[in-house]
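Student: Please take a close look at one part of this model for me, the charge on its surface. I would like a connected account, with each cut-off spelled out.

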Amino acid sequence: MLIIPVKDGENIDRALKRFKRKFDKTGVMKRLRGGQHFTKPSVERRAQVQKAQYIQHLRDQEDI
């Protein structure tokens with residue numbers, strides 16, 4: 001459960017923005033959306049490898 005203390009005189013929009021940011025960091029929606037369909041472990045591993053290759057490529061480009 002998220003607790004967002006609202007300070008005296010604080011704008012409600014600002015508090016809502018803090019709540020949304022904190023909620024996004026928890027990853028609840030990501031887990032819910034991920035559970036809606038099944039992906040095979042091999043497909044997940046392939047996606048992780050491709051992501052790692054992409055990141056490595058970006059880092060290699062930085063070094064050049």
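Tutor: Lys-7, Arg-14, Lys-17, Arg-21 and Lys-25 form a positive surface patch, where Lys and Arg count as positive and Asp and Glu as negative, with His and the chain ends not counted. Patches take residues with over 30% relative accessible area and no salt bridge, joining like charges within 9 Å and nonpolar side chains (Val, Leu, Ile, Met, Phe, Trp, Tyr) within 5 Å; a charge is placed at NZ of Lys, CZ of Arg, CG of Asp or CD of Glu. The model is a predicted one, in which local features need pLDDT of at least 70 and side-chain atom pairs pLDDT 80 or more, while totals for chains, interfaces and linings use all residues. Residues are numbered from 1 along each chain as its sequence is written, and side-chain values use heavy atoms, leaving out hydrogens and water.

Arg-14 counts as exposed because its relative accessibility is 58%; buried means under 20%, exposed over 50% and partly exposed in between, with a 1.4 Å probe and protein chains only.

The structure also holds one salt bridge, a term for a side-chain nitrogen of Lys or Arg within 4 Å of a carboxyl oxygen of Asp or Glu. Glu-10 and Arg-18 form this salt bridge, their closest N and O atoms lying 2.6 Å apart. Glu-10 counts as buried at 19% relative accessibility, whereas Arg-18, at 24%, is partly exposed.

Helix H1, residues 12-26, also carries Phe-19 and Phe-23, which are four residues apart and therefore separated by about one helical turn. Their rings form a stacked aromatic pair, 6.0 Å centre to centre with 20 degrees between the planes. Rings of Phe, Tyr and Trp (its six-membered ring) pair if their centres lie within 6.5 Å, and planes under 30 degrees apart count as stacked, over 60 as edge-to-face and the rest as tilted. Phe-19 is partly exposed at 33% relative accessible area, and Phe-23 is partly exposed at 27%.

A nonpolar surface patch is formed by Tyr-54, Ile-55 and Leu-58, together about 280 Å² of accessible area, computed by the Shrake-Rupley method with a 1.4 Å probe, where for residues only the protein chains shown count as cover. Ile-55 belongs to helix H3, residues 41-63, and is partly exposed at 33% relative accessibility.

How values were computed:
Helices (H or I, at least four residues) and strands (E, at least two) are DSSP runs, numbered from the N terminus.
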